Amino acid sequence: MADSNHGDVELIGTWPSPFSMRPRIALNIKSVEYEFLQEQEQLCSKSELLLQSNPVHKKVPVLVHNGKPICESNIIVEYIDEVWPSGPSILPADAHNRAVARFWAAYVDEKLRAAVTAASEEEKNRAADQLKEVVVRMEGAHVEVSRGKDFFGGDRIGFVDIAFGSMLGWLRAVQVILGGVKLLDEEKTPGLVKWAEKFSADPAVKDVLPETGKLIEFSKLLIAAIRAAAAED
């Protein structure tokens, strides 16, 4: 599908990728029609389109707008917000608030990437401790940034909501993978518990947020592939 006002819009990604989910949410917020071009889920399988569109990192997601590729999930979200200004704003209008939003989005990426692929018991224990720390930190960030509203973005989903919320499916899956560790807790993170419910139910999110069970099964394949690749080195 294509957006009638802004030409052809395609998104190269995979369903389990939280980074692919970010531009999907942003496009939904802006009511932009797009075609989702799914890559194969195998780590070693990459299409020619992906390799041509992102020759530097060779990773999803890639937004292809009128034949021109844009890479890196948070950069894509900012691009969507700028190119389709008629829809609800994703980034704050105030320069300081934009900087704060970018800070927390970068924090989420830095801290949560490694936890998803934890393979050994030592890695899992370390990941569990790190995730607990991150979630408590994000609880404080929610209080500060939301100013009492439902979302980090205030009354509606914003930049930090997309960055952190795209990880929500994996956080739920990791709770199971790490042996039932509780990350979103009514006692320690009451704000995030309510936020997660509202975020998951939002029309821009609910149809693209992966099911926890499917992510758990995919993680088993992912970890097996990582171990196999390590054994070959």
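Biologist: What's the volume of the second largest pocket?
Modeller: About 440 Å³, counted as the space filled by probe spheres set on grid points joined across faces, edges and corners. A pocket here is an open set of points on a 1 Å grid over the protein atoms alone where a 1.4 Å probe fits, with protein on both sides within 12 Å along at least five of seven lines. Bear in mind that this is a predicted model, where local features need pLDDT of at least 70, side-chain atom pairs need 80 or more, and totals for chains, interfaces and linings use all residues. Residues are numbered from 1 along each chain as its sequence is written, and side-chain values use heavy atoms, without hydrogens and water.

Biologist: Which residues are closest to the centre of that pocket?
Modeller: Pro92, Val145, Phe152, Gly153 and Gly154, out of 23 lining residues (those with an atom within 4 Å of a point).

Biologist: And which element gives the most to the lining?
Modeller: Helix H4, with four residues. H4 (95–116), H5 and H6 each give two or more; helices are DSSP runs of H or I, at least four residues, and strands are E runs of at least two, numbered from the N terminus.

Biologist: Switching topic: where does Arg147 sit?
Modeller: In the loop between H5 (121–146) and H6 (159–165). Its phi is positive, about 55°, though Arg147 isn't a glycine.

Biologist: Is Arg147 buried or exposed?
Modeller: Exposed, at 60% relative accessible area (exposed is over 50%, buried under 20%, partly exposed in between, with a 1.4 Å probe and protein chains only).

Biologist: What about Lys58, what's its phi?
Modeller: Near 55°, so another positive value in a non-glycine residue. Lys58 is partly exposed, at 37%, and lies in the loop between H2 and E4. That loop, between H2 (48–53) and E4 (62–65), also holds Pro61, which a cis peptide bond joins to Val60, omega about 0°.

Biologist: What is the nearest oppositely charged side chain to Arg24?
Modeller: Asp207, 8.6 Å away. Arg24, in helix H1 (18–29), is buried yet has no salt bridge (a Lys or Arg side-chain nitrogen within 4 Å of an Asp or Glu carboxyl oxygen).

Biologist: Which side chain does Arg24 make a polar contact with, then?
Modeller: Tyr34, at 3.3 Å. A polar contact is an N or O pair within 3.5 Å, one able to donate a hydrogen and the other to accept it; residues adjacent in sequence count only through side-chain atoms.

Biologist: Last one: what does the Ser17 side chain reach?
Modeller: The backbone nitrogen of Phe19, at 3.2 Å. Ser17 is buried, at 13%.

Notes. Lys, Arg positive; Asp, Glu negative; His and termini not counted.
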